[in-house]
Amino acid sequence: MKIIRKNEAGRFENAGTCTAFEYETGGSDINVARIEIRGRYPVEGNAINKAVRELVYVTEGSGVVSVNGIESKLSQGDVVTIEKGEAVFWEGELTLVIACTPAWTPEQYVIDASPI
């Protein structure tokens, strides 16, 4: 068992509209982060995780997720699964908890500016 305290989470910003708090699990098979979206992320284009599957839980707020050009409204309590390679953007005032398997790494993550 491992407990990762809130004050141990690493904080980083993706543009001005996305703040992430990453909870280091110590393994390569899974990790988790709390993400705060305030506006559109990415600001232009789509984010693509080339190697991970994501399970996303909306803990607060409401907004929209676009996956491969299909937009869906979201609100507190909703769950979204995103497969590796899918093109995604988020828009709204949302707090998300995202678990990734295998563990998310910056090397496999890209922002694609081309429209879907």
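1. Glu-54 touches Asn-49, Val-80, Thr-81, Ile-82, Ile-98, Ala-99 and Cys-100, leaving out residues up to four places away in sequence; contact means heavy atoms within 4.5 Å. This is a predicted model, where local features need pLDDT of at least 70, side-chain atom pairs count only at pLDDT 80 or more, and totals for chains, interfaces and linings use all residues. Residues are numbered from 1 along each chain as its sequence is written, and side-chain values use heavy atoms, without hydrogens and water.

2. One for your charge checks: Glu-54 is buried but has no salt bridge, and Arg-53, the nearest side chain of opposite charge, is 9.6 Å away. Buried means under 20% relative accessible area with a 1.4 Å probe, protein chains only, and a salt bridge puts a side-chain nitrogen of Lys or Arg within 4 Å of a carboxyl oxygen of Asp or Glu.

3. Next, the core. Among the 23 residues of the largest nonpolar core, those touching the most other members are Ile-35, Ile-37, Val-56, Val-65, Trp-90 and Leu-96. Such a core is a set of buried Ala, Val, Leu, Ile, Met, Phe, Trp, Tyr and Cys residues joined through side-chain atoms within 4.5 Å.

4. On to the cysteines: the structure holds zero disulfides, a disulfide being a pair of cysteine sulfur atoms within 2.5 Å. The sulfur of Cys-100 is too far for a bond, because the closest cysteine sulfur, in Cys-18, is 12 Å away. Cys-18 is buried at 2% relative accessibility, and Cys-100 is buried with a relative accessible area of 5%.

Terms used:
Buried < 20%, exposed > 50% of the residue type's maximum accessible area, 1.4 Å probe, protein only. Lys, Arg positive; Asp, Glu negative; His and termini not counted.
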